Structures are given as structure tokens and as C-alpha cells.
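Please read these notes with the sequence and the model open side by side. Each point takes one part of the fold and goes through it briefly.

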Amino acid sequence: MAVTRGTVVVTGGTGYLGTRLVERLLTRGHRVRLLVRRSASGRVAPGAEAVVGNALDCESIATVLQPGDTLVHLVGTPHPNPRKAAEFEAVDLASIRAAVSAASRLSVAHLVYVSVAQPAPVMRAYVAARAAGEEAIARSGVRATILRPWYVIGPGHRWPIILAPLYTLAACVPRWRPALGRLGLVTLEQMTQALLRAIEEPPATTLAIVEVPEIRLAR
């Protein structure tokens with residue numbers, strides 16, 4: 001089994017997923033470096049190194065990377081909704097393209113990217129931006145793990161729980177079950193565990209895709 005040896009560099013490390021992930025990485029003894037905006041530098045977990053920079057800029061990302069590092073890219077538009085299509089292009093897609101360029105140039109050992117479940121019947125602009133990010137990764141040849149949650153339930157992100165009865169009903173229709181699995185809900189704890197596993201167990205192949213059912217099983 002391959003294991004992480006370099007520093008784990010996180011973009012978006014003070015956000016919803018990143019805060020929890022960074023705390024767990026530090027607890028598990030990883031060296032952690034964050035690229036953060038100046039306004040977010042006060043939210044960096046004690047024990048992590050913080051570097052002020054711009055996650056939309058390849059050169060800025062490159063300053064925090066060394067060959068052999070693991071780059072975890074969590075930058076994205078908060079609370080995405082259909083009205084934010086322009087932000088998905090300007091932030092979500094621009095940032096992963098910058099991250100891929102820097103990761104390729106600096107010969108990082110592994111890139112971990114949180115994408116989104118696809119195909120999906122809603123949020124088409126968001127899904128399209130994330131799919132384009134995945135394409136950039138695939139073209140680069142950088143060893144990568146792509147995680148595809150649909151919605152991550154946690155503090156401040158609990159409204160989809162009201163849809164639980166609809167998920168139960170949909171499971172009774174055989175032809176809907178594949179989509180139901182792909183578009184299922186995951187918890188913040190499940191997502192954190194899946195990210196830890198991705199970081200600590202890089203794929204033997206160039207590219208690994210982790211869908212919702214696998215995210216739910218991560219330990």
C-alpha cells in the first residue's frame with residue numbers, strides 16, 4: 001500500500017470541508033500547509049503552516065508546493081445554486097485549472113480533487129464546471145483521486161435531510177436505483193474519512209474516481 005510521505009498542501013483549508021480535514025490530518029501526524037487568503041489566515045488550525053496567496057493563480061499555488069507533496073484542492077463557490085453559474089467558471093473551474101498546472105510543473109505525488117456526482121438532472125452549470133476540472137486533471141497525467149459527492153450534510157448544510165422520504169420512495173423503483181446511489185447524500189464525517197483515505201492511500205493507477213457508495217464506506 002502506498003502512503004503519503006510529503007507535506008499535504010490544502011487549498012480551501014479553512015472552509016466547510018477543509019477545516020475538519022486539516023484538523024484530522026494534524027491529529028494523524030501529517031505535515032500540513034495551507035494556501036489561504038489574507039482574510040482567512042486567522043482561521044488556520046494550530047499546527048498547520050499558512051501561506052497567504054491566491055488559489056486562482058498557478059504561480060501562487062506553485063509557491064507552496066514541493067515535489068512529492070500531496071495537493072488537496074477544496075476551493076469552490078460556497079452554497080452553490082443555479083444563480084451562481086458565473087462563479088462556477090471564475091472560481092471553481094479557474095482554481096482547479098491553476099492547481100493542475102502547478103501540480104504538473106512541481107511534480108506533486110498526488111492530487112486530490114472534490115468534484116461532484118455526474119451526470120445529474122439539476123445544477124447543470126455546476127456539474128459542467130466540475131466535469132471540465134476533471135478533464136483538466138485527466139489531460140495533465142498527474143496521479144489523482146477525484147471524489148464525487150452530491151451533497152455533504154453537516155453543520156449549516158442540513159436542509160436535504162427533508163428529502164430522505166423521497167430517497168426511500170425512489171429506492172422502490174428499480175430503474176431509479178443507479179441514479180439514487182450516484183446522487184445520494186453523504187455526511188461530513190463520511191466525506192472527511194473518504195478524503196483521509198484518498199490522501200493516505202494514493203491510487204496505483206494514474207486516476208481513481210470515488211463515487212457516493214464508496215464515500216459512504218470509507219473508514
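What is the volume of the second largest pocket?

1. The pocket. The volume of the second largest pocket is about 270 Å³. A pocket here is found on a 1 Å grid over the protein atoms alone: a 1.4 Å probe fits at its points, and it is an open set with protein on both sides within 12 Å along at least five of seven lines. Grid points are joined across faces, edges and corners, and the volume is the space filled by probe spheres set on the points. Lining residues have an atom within 4 Å of a point. There are 15 of them in this pocket, and Arg-197, Ala-198, Glu-201, Val-210 and Glu-214 are the closest to the centre. Two or more lining residues come from each of β6 (144-148), α7 (188-200), β9 (207-211) and α8 (212-217). By class the lining has 11 nonpolar, 1 polar and 3 charged residues. For these classes, Ala, Val, Leu, Ile, Met, Phe, Trp, Tyr, Cys and Pro are nonpolar, Asp, Glu, Lys and Arg are charged, and the others, Gly among them, are polar.

2. Basis of the note. This is a predicted model, in which local features need pLDDT of at least 70, side-chain atom pairs count only at pLDDT 80 or more, and totals for chains, interfaces and linings use all residues. Residues are numbered from 1 along each chain as its sequence is written, and side-chain values use heavy atoms, with hydrogens and water left out.

3. The chain overall. The chain has 8 helices and 9 strands. Both are DSSP runs numbered from the N terminus: helices are H or I with at least four residues, strands are E with at least two. Of the 219 residues, 51% count as buried, where buried means under 20% relative accessible area, exposed over 50%, and partly exposed in between (1.4 Å probe, protein chains only). Among contacts (heavy atoms within 4.5 Å) between residues at least 6 apart in sequence, 72% join residues at least 24 apart.

4. Helix α1. Which residues of helix α1 (residues 16-27) are buried? They are Leu-17, Gly-18, Leu-21, Val-22 and Leu-25. These residues lie on the same side of α1 because they cover an arc of only 115° around the axis, the arc being that of the directions from the helix axis to the C-beta atoms. An α-helix has 3.6 residues a turn, so residues three or four places apart point the same way. The buried residues of α1 pack against β1 (8-11), β2 (32-36), β4 (70-73), β5 (110-114), β7 (151-153) and α7. Just after α1, Gly-29 has a positive phi of about 90°.

5. Two cores. A nonpolar core is a set of buried Ala, Val, Leu, Ile, Met, Phe, Trp, Tyr and Cys residues joined through side-chain atoms within 4.5 Å. The largest has 35 residues, and those touching the most other members are Ile-61, Leu-65, Leu-71, Ile-96, Ala-102, Leu-111 and Ile-137. At least two of its residues come from each of α2 (58-62), α3, β5, α4 and β6. The largest share, 8 residues, is from α3. Another core, of 30 residues, lies apart from it and includes Leu-17, Val-36, Ala-45 and Leu-196.

6. Thr-11. This residue is in strand β1. Thr-11 counts as buried because its relative accessibility is 0%. Not counting residues up to four places away in sequence, Thr-11 touches Leu-35, Ala-55, Leu-71, Val-72, His-73, Leu-74 and Val-75.

7. The loop between β5 and α4 (124-140). Pro-119 is in this loop, and the peptide bond from Gln-118 to Pro-119 is cis, with omega near -5°. Ala-117 is in the loop between β5 and α4 and is buried, with a relative accessible area of 0%. The C-alpha atoms of Ala-117 and Val-210 are 93 residues apart along the chain and separated by 9.6 Å. Met-123, also placed in the loop between β5 and α4, has a positive phi of about 55° although it is not a glycine.

8. Another loop. His-79 lies between β4 and α3 (85-105). His-79 is not a glycine, but has a positive phi of about 45°.
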